[in-house]
Amino acid sequence: MKVVIVGPAYPYRGGIALFNERLAKAFQENNDEVEIITFTLQYPGFLFPGKTQYSDAHPPKELKITRLINAVNPFSWIKTAKAIKKEKPDLVLFAYWLPFMAPSFGTIAKLVAKNKHTKIAALVHNIIPHEKRAGDMMLSKYFIKHVNGFITLSKSVYDDLTSLTSKPKVLTPHPLYDNFGAAISKTEAINKLGLDQSYSYLLFFGIIRKYKGLDILLEAMANEEIKSKKVKVIVAGEFYEDSTAYLDLIKKHQLENSVVLVNQFIPDGEVVNYFCAADMVVQPYKHATQSGVTQIAYHFNKPMLVTNVGGLSEMVPDQKVGYVTECNSISVSNSILDFYNKKREEEFISGVIDEKQKYTWDKMTLAISQLVQQL
């Protein structure tokens, strides 16, 4: 096929950009011709909660990435649609994750479809956002109206879409994020981070927002038995909200010696250090669809603890690759204690190595090809 992926990509950073770039390489491995069309302006600065939207890494090799879309300028949407129509791709695949993008993406889809050749699909990371705002459903419905079919990465998103449209859709798991190179030893990773080798480390990774439940993990770390062990949690990610409540929890429970705070976006080249330093990756989310963090953990053969929300339990079989806990600090702390007291790391690593075989990129491109045949 000749494929155009529309969504974030270099020079923008973040999980969706990473996904689009890796998907483009998967299409290339399948001998498809692929281009990513991304933004000249993704978010106006005043709407972006972090320090920067941009990557400081090198551009991905052998990918064609074209910057055309200004998310708030309708004239750029028309220009983008004209450029895509002229190329006559077999498939335009929108990476949809936020209703803010619905007007631009929906309009581009509507105009491209007029060439009577290109099929329009969306790979939907979220259709109902984690942090809801007025008008979200109206915007998403506008986007859905102009798309022929959908790919989802979790049953929760599949079910959300089913409630909104009867158009064709397929469910296929989020593939592994294998973009970060080979694993290194735990000793080497801890040294690279400048941490104390005499401690064991848990990892909370990614941007910090309320729905990700860092407060639950901090409350769990306040358990007196956990505090008596030489266990620390590395919190590696940029705060996308006021950090005061979390810092207050650390102070309240005297966790200063139990928490390593790295308040910054972790560059791709350093991700390996954080995952390989950890015994287990902890995702105490309050609600979720699927998570790219899970798929990085699989790549690095790391056990996981997730809460029983959204699609997380679909991807982390309880007691095989780690734990599926209830969404509270007691359940999380009990599982952390079980992990260390029963020395379950090697058992879970074996389960991870077995389970990760499900999550390959060729299965993703095959699912997309099968959807295209239905459109």
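# Accessibility, salt bridges and domain contact

Reader: Why is D178 called partly exposed?

Author: In this predicted model, D178 has a relative accessible area of 31%. Buried would require under 20% and exposed over 50%, so a value of 31% falls in between and D178 is partly exposed.

Reader: What makes the contact of D178 and R22 a salt bridge?

Author: The N to O distance between the side chains of D178 and R22 is 2.7 Å. The rule asks for a side-chain nitrogen of Lys or Arg within 4 Å of a carboxyl oxygen of Asp or Glu, so the pair of D178 and R22 qualifies. D178 lies in the loop between β7 (169-171) and α6 (186-192), whereas R22 is in helix α1, so the pair ties together parts that are 156 residues apart in sequence. By this rule the count comes to 15 salt bridges.

Reader: Why does R22 count as buried?

Author: The relative accessibility of R22 is 10%, and buried means under 20%, so R22 belongs to the buried class.

Reader: What makes E355 a member of a salt-bridge network?

Author: E355 has salt bridges to two lysines: with K320 the closest N and O atoms are 3.0 Å apart, and with K358 they are 2.6 Å apart. Both values are within 4 Å, so both pairs meet the rule. Through shared partners, salt bridges join K320, D354, E355 and K358 into one network.

Reader: Why is E62 called exposed?

Author: The relative accessible area of E62 is 73%; exposed means over 50%, so the term applies to E62. E62 is found in the loop between β2 (33-41) and β3 (65-70), and although E62 is not a glycine, it has a positive phi of about 60°.

Reader: What makes Q283 buried, and what does its side chain meet there?

Author: Q283, in strand β11 (residues 280-283), has a relative accessible area of 1%. That value is under 20%, so Q283 is buried. The side chains of Q283 and T294 are joined by a polar contact of 2.8 Å, which is within the limit of 3.5 Å. Beyond residues up to four places away in sequence, Q283 touches S291, V293, T294, L305, V306, T307 and L312.

Reader: How do you know that domain 1 and domain 2 are in contact?

Author: The chain is divided into domain 1 (2-175 + 360-374) and domain 2 (186-357), and the contact takes 21 residues from domain 1 and 22 residues from domain 2. The C-alpha centres of the two domains lie 30 Å apart. The size of an interface is often given as the accessible area lost when the parts come together; here domain 1 and domain 2 bury about 1800 Å² between them, 51% of it on carbon and sulfur atoms.

Reader: How many salt bridges and polar contacts are found between domain 1 and domain 2?

Author: Between domain 1 and domain 2 the count is one salt bridge, and the rule finds five residue pairs in polar contact across the interface. On the side of domain 1 that touches domain 2, helix α5 (residues 155-162) gives the most, with three residues. The residues of that side divide into six nonpolar, nine polar and six charged.

Technical notes. Residues numbered from 1 in each chain as written. Predicted model: local features only at pLDDT ≥ 70, side-chain atom pairs only at ≥ 80, totals over all residues. Heavy atoms only, no water. Helix = DSSP H or I, 4+ residues; strand = E, 2+ residues; numbered from the N terminus. Buried < 20%, exposed > 50% of the residue type's maximum accessible area, 1.4 Å probe, protein only. Polar contact = N/O pair within 3.5 Å; in protein donor to acceptor, adjacent residues only side chain to side chain. Contact = heavy atoms within 4.5 Å. Domains from an automatic or database assignment. Buried area = accessible area lost by both parts, 1.4 Å probe. Nonpolar A, V, L, I, M, F, W, Y, C, P; charged D, E, K, R; others polar.
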